[in-house]
There are 2 protein chains.
Amino acid sequence: MTTHMLLVAHGSRREKSNHEVKILSSKLGFLATDYASVSYAFLELAEPGIPDALRKLIHSGAEKIVVVPYFLAAGRHVVDDIPAEVESVRKDHPDVKIVTVPHLGSMDGIPRLLLQLAGLAH
Amino acid sequence: MTTHMLLVAHGSRREKSNHEVKILSSKLGFLATDYASVSYAFLELAEPGIPDALRKLIHSGAEKIVVVPYFLAAGRHVVDDIPAEVESVRKDHPDVKIVTVPHLGSMDGIPRLLLQLAGLAH
């Protein structure tokens, strides 16, 4: 089964910020050797949107897509908006497995990373 | 010198999301043994705001405060808004050292954490 990863970020009016997401997606592409591809999508303010990115992967033959919410807080974007956008595509492609994992902020590694970050001020 | 950590998050209309930040701040409090305290502030939509949180720390005797932006993207919040709010307090307290470290999304550890997260879908 060809599995693809889709990194979903909020999107910003600031192009440099969206560019950071694209760079991150490229970095992940090198690391993620178990995936056929790593691409990105934005919830708002930047392109591509989530449905467009999912459809593009499906049309390229993706059988499984792992949606990774690049969000820290389980706000309405994570709880309502991303699932709704994913669902809008899933219903037309019941044969494709689309799995959304928890948001980044839920990871156990976050506190240690913040501590390391704060340490930069020493 | 007594050093305190202030975790700064965006803030959400969803109380559960703000609560996650408070829980994270408590976890950091246990881990961050080099700091006199770890507290939190929100840029918008929740209390306390950044200036209030900074002033509270200063009034309690903080000599150094490390501001940790709990943000993934260097959007305008990170680039303009947080520095402006920090500056609004710093100018009245030149004797207190307030250092803002880079935002979480700039950390090298993020791609590996995302890969681990995506792996939950396997």
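Please keep in mind that the model is predicted. In this model, 45 residues from chain A and 45 residues from chain B take part in the contact. Together the two chains bury about 4000 Å² between them, and carbon and sulfur atoms give 73% of that area.

**The contact between the chains**

- Polar contact does turn up across the interface, with six residue pairs found, both partners at pLDDT 80 or more.
- On the side of chain A that touches chain B, two or more residues come from each of these elements of chain A: strand 1 (3-9), helix 1 (15-31), strand 3 (64-69), helix 3 (76-90) and helix 4 (110-118).
- Helix 4 of chain A gives the most to that side, with nine residues.
- Sorted by type, the residues on the side of chain A that touches chain B are 29 nonpolar, nine polar and seven charged.

**Helix 4 of chain A**

- This helix is mostly covered, with seven of its nine residues buried.
- The buried ones are A:I110, A:P111, A:L113, A:L114, A:L115, A:L117 and A:A118.
- What do the buried residues of helix 4 of chain A pack against in chain B? Their partners there are strand 1 (3-9), helix 1, strand 3 (64-69) and helix 4 (110-118).

**A buried asparagine in chain B**

- B:N18 sits in helix 1 (residues 15-31) of chain B.
- Is B:N18 buried or exposed? Its relative accessibility is 2%, so B:N18 counts as buried, the cut-off being under 20%.
- A polar atom of the B:N18 side chain lies 2.8 Å from the backbone nitrogen of B:S12.
- Setting aside neighbours within four places in sequence, B:N18 is in contact with B:G11, B:S12, B:F42, B:L45 and B:A46.

**An aromatic pair in chain A**

- Over all chains, the structure holds two aromatic pairs.
- One of them joins A:Y40 and A:F42: the ring centres are 5.7 Å apart and the planes stand at 55 degrees, so the pair is tilted.
- A:F42 counts as buried because its relative accessibility is 1%, whereas A:Y40, at 24%, counts as partly exposed.

Conventions. Residues numbered from 1 in each chain as written. Chains lettered and ligands numbered in written order. Predicted model: local features only at pLDDT ≥ 70, side-chain atom pairs only at ≥ 80, totals over all residues. Heavy atoms only, no water. Contact = heavy atoms within 4.5 Å. Buried area = accessible area lost by both parts, 1.4 Å probe. Polar contact = N/O pair within 3.5 Å; in protein donor to acceptor, adjacent residues only side chain to side chain. Helix = DSSP H or I, 4+ residues; strand = E, 2+ residues; numbered from the N terminus. Nonpolar A, V, L, I, M, F, W, Y, C, P; charged D, E, K, R; others polar. Buried < 20%, exposed > 50% of the residue type's maximum accessible area, 1.4 Å probe, protein only. Phe/Tyr/Trp six-rings, centres within 6.5 Å; stacked < 30°, edge-to-face > 60°.
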